[in-house]
Amino acid sequence: MSSSAAQETPIWRTATCHCGRVSVAIPRKPEEINECRCSLCYAYGALWAYYPRNQVTVTTTTAGIINGSEDVSVDTGSRKYIRTDKDGTGNLSFNYCSHCGVMTHWWEEPRNTDPDRSMGVNMRIAGEDAIEGVAREVNYE
Ligand SMILES: [Zn+2]
Ligand SMILES: [Zn+2]
């Protein structure tokens, strides 16, 4: 048995970007998702579920054999777009796979040390049942 407190966070599902290089361990099925229609999220087509940041683990892989492909020429990991247009603080990063481009999550930059600070996970990477039948909020901010 591990004694690590971090491992006590349950994992409902480990979702990935399209190519599998970025994994997001999600603690539970969302009770509500936010279809944010701000200018950025609307363009991404993301559907956000919010979790405490310390309950979500994001992992990126290195190049190699992934999903049966032997594409080792590409760069790996996650890239971010730091938003600065809205409130000018530049403290939110929108993170996407550097290979397939799928948006996976947003969170605060730099990482806020408060364990209860929330982050958003794009539920479109978690499978249809993570979205279908789940209460949806539409936010225009
Ligand atoms: Zn990818
Ligand atoms: Zn938005």
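**View 1. Overall content of the predicted protein chain.** Of the 141 residues in the protein chain, 24% count as buried, where a buried residue has 20 or more other C-beta atoms within 10 Å of its own, the C-beta atoms being placed from the backbone. The model is predicted: local features need pLDDT of at least 70, side-chain atom pairs count only at pLDDT 80 or more, and totals for chains, interfaces and linings use all residues. Residues are numbered from 1 along each chain as its sequence is written, while chains are lettered from A and ligands numbered from 1 in the order in which they are written. The protein chain holds 1 helix and 10 strands; these are DSSP runs numbered from the N terminus, helices (H or I) having at least four residues and strands (E) at least two. Their order from the N terminus is β-β-β-α-β-β-β-β-β-β-β. Among contacts in the protein chain with a separation of 6 or more, 55% join residues 24 or more positions apart; a contact requires C-beta atoms, placed from the backbone, within 7 Å.

**View 2. The open sheet E1-E2-E5.** Three strands form this open sheet in the order E1-E2-E5, with antiparallel pairing; two strands pair if DSSP finds at least two bridges between them. Strand E1 (13-16) and strand E5 (57-60) are the edge strands, each pairing on one side only. From one strand to the next, the twist averages 20 degrees, the axes being lines fitted to C-alpha atoms and the angles running from 0 to 180 degrees between N-to-C directions. Strand E2 (residues 22-26) is joined to E5 by 4 bridges in the antiparallel sense, and Ala25 stands opposite Thr57 in E5.

**View 3. Strands E6, E7 and E8.** Strand E6 (residues 78-83) pairs with strand E7 (residues 92-97) over 6 bridges in the antiparallel sense. Here Ile82 stands opposite Ser93 in E7. E7 also runs antiparallel to strand E8 (residues 103-108), with 5 bridges joining them; Leu92 has Glu108 in E8 as its bridge partner. The hairpin of E7 and E8 has 5 residues between the strands, and Gly101 takes a positive phi near 85 degrees.

**View 4. The largest nonpolar core.** This core has 25 residues, and those with the most contacts inside it include Val24, Ile26 and Trp48. A nonpolar core is a set of buried Ala, Val, Leu, Ile, Met, Phe, Trp, Tyr and Cys residues joined through C-beta atoms within 7 Å. Elements giving two or more residues to the core include E2, strand E3 (32-36), strand E4 (48-52) and strand E9 (118-122). Leaving aside neighbours within four places in sequence, Ile26 is in contact with residues including Trp12, Val56, Val121 and Ala126.

Methods:
A residue is buried if 20 or more other C-beta atoms lie within 10 Å of its own, exposed if 12 or fewer, and partly exposed in between; C-beta atoms are placed from the backbone. Two residues are in contact if their C-beta atoms, placed from the backbone, lie within 7 Å.
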